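Try each task before you read its solution.

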Amino acid sequence: MTRRKKVLLGGVAGLAVVLGGAGTAYAAHFQDRALPGSTVAGQSVAGLSRDEVAAAVGERADDVEVTLEAGEATRTASLNDLGYAVDVDATVDAVFANRTWSTYATSLMSSREVDAVVTTDPAATDVVIADLVKDSGGIGVDATVKLAKDKKSFVVVPAVAGKTVVESTFQDAVGAAARDLTSASTVVEFTEAVPDVTTDEAQAVADKANALAKTPVAVSDGEDTHKASVARKVSWISIPVTDGALGEPTIKADKVKAWAAKLAKEAKVEPRAGLRNVTQSGDVKTVVTRARDGKEVSNADALATAAVAALTSGKAYEGAFDYKTTKATWTERVIADGAERLAYPAAPGEKWIDVNLSRHTMTAYVGAKPVYGPISMVDGQAEKPTVRGTFKVYYKRELMTMRGNNADGTRYETPNVPWSTFFHEGFALHGAPWRSSFGYSASHGCVNLPVGVAKWVYDFAPIGTPVVSH
C-alpha cells in the first residue's frame, strides 16, 4: 500500500515535470474555464467559461418540471411554482472553486461532480402544501375561543384534525429534481397533522378568560356600590391571536375607562343656585329652590387603571370616587310684606293676578295688596278644566273670534270676544257678554269675566304680568 502511494505521487510529480512548459500553457488555458472532468448534475461543462456554465445551468433549471400525483388529482409545475429555485451563481462558484496547481494537474485523471445549489421559499412551499391538502379533502381547523350566545362567557370551538404531506413524497422529491436538474414525478402521500391550536390549548385560554370575567370589580360613588356585571367584564377581555397561536387573555383598558367615565358622569351633580324669598328687612320667609352644591369625580381614570392592574393579576378590585366640590350660590328675592301668605310671593309694587279656582274668583294685586276684586268669574268645566300654575301674560287682543273643540269633540266658534288677555297657550282672561251670571265652572278652559272687568284687567296687566291659577 505504501509503495502504491509512492508510485502514484511519483507519477503526479513526473507528470508535472513532463508537462513543464506545456503544463503552464494548460493552466493558463483553463484559468477562466471549467476544468476537464467538470460536470453539473451529470452534464459536462468542461472547458466552458463562467458565463457559459451559468447559461447552461439556468436553461436546465428553467426546463425542470415536477408532476405531483395527489389522490385523483395530478398537477405539473415548475420549480419556482413549487417554492424551489436553483441558485445559478452559487452553482457556478462551486464549479470554479479550489483552483490550485494540483487541481489543474489531477483534472486530467479525475472528475469534478457538482450538484445544483438549491434554495427554497417556505412561504411558497406552504401554499402548495395547503393546496394539496385542500384538494385531498384533508383541511384541518384550529380550535378557537369565542363568546357564548349569552355573551356572559367564552366557549371553545373544537379543533378538527387535518392532513399534511409526507415530506419525502413532496419536499424531498422536488429538492432532488432541483439538484439533479431533471424533471421528475412523485406520488404525494399524506399523514395526519396536529392542529396548530388544539382543543385543550383553546380550553385553557377560555378558562383563564372566564376566570377574569368572574373576578369582582366594584366602584362606590359614596352612596351606591356599582358592580361590573359578568357580561360587562367579558366585553373588557381580548384574546390575541398571533401567527395563528392564541395568546393570554388581556384587559381592554379603554373599555374599563369608558365604564368608569360613565359611572363618573352619572355621579356628577351640577350645582344648583338656591332662591329664597325675604322680607324687605331681610328675613327669610320661604325657600323657593334649595341650593345644592355641585360635585364632579376627580379620579375616574386612576380607578380604571387600578382596576385593570388588579384584573390582570387575577385579583378583585373595589375603589371609591373622589370628588371636586363646587359651592352653590343663593339668590334672594325681596317680597312685599305679607306676600308669603298669598299664592304668589310678589315683590313690592309688582302687579299680578290671582285666579282662585276653588272660589271661582279673580283678584288683581299690587305686591301683597288687592287692588281689584275678588270678582266672580267662570272657569273651565270638568271636561275642559282651566290650567293650573304660575304663568305670565304673553299676548293681548281687544276683539277676536275664538274657535276650538267642545267636550264632546264638536267644534265651536265664538265671534267678537272682547278684551282677551292670554297667559298660557289658548288660556285667557276675557269678557263673556253672553253670560248673565258668574261664580261657577262652565267655560272651555278660559277665565270668563264680565266685559267691564275684562277691560279693566286688559288695561291693568301688561305683557309679562304674573297670573297664578290655583
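Predicted model: local features only at pLDDT ≥ 70, side-chain atom pairs only at ≥ 80, totals over all residues.

**Exercise 1. Find the order of the strands in the open sheet, and work out which strands stand at its edges.**

Solution, step by step:

- Begin with the order: 5 strands make up this open sheet, running S27-S26-S25-S35-S29, with mixed pairing.
- Now look at the ends. S27 (369-376) and S29 (389-392) each have a single partner strand, so one side of each has no neighbour in the sheet.
- Phe391 has Val467 in S35 as its bridge partner.
- Finally, see what packs on the sheet: helix H12 (residues 451-460) touches S25 (351-356), S26 (361-366) and S27, and its direction makes about 30 degrees with that of S26.

**Exercise 2. Decide whether Thr91 is buried or exposed, and describe its surroundings.**

Solution, step by step:

- Locate the residue first: Thr91 belongs to helix H4 (residues 88-95).
- Then apply the cut-off. Buried means under 20% relative accessible area, and Thr91 has 0% relative accessibility, so Thr91 counts as buried.
- List the contacts beyond four places in sequence: Thr91 meets Val40, Val57, Val86, Val114, Asp115, Ala116 and Val117.
- End with the polar side of the picture: a polar atom of the Thr91 side chain lies 2.9 Å from the backbone nitrogen of Val117.

How values were computed. Residues numbered from 1 in each chain as written. Heavy atoms only, no water. Pairing = 2+ DSSP bridges. Helix = DSSP H or I, 4+ residues; strand = E, 2+ residues; numbered from the N terminus. Contact = heavy atoms within 4.5 Å. Axes fitted to C-alpha atoms, helices over the stretch in contact; angles between N-to-C directions. Buried < 20%, exposed > 50% of the residue type's maximum accessible area, 1.4 Å probe, protein only. Polar contact = N/O pair within 3.5 Å; in protein donor to acceptor, adjacent residues only side chain to side chain.
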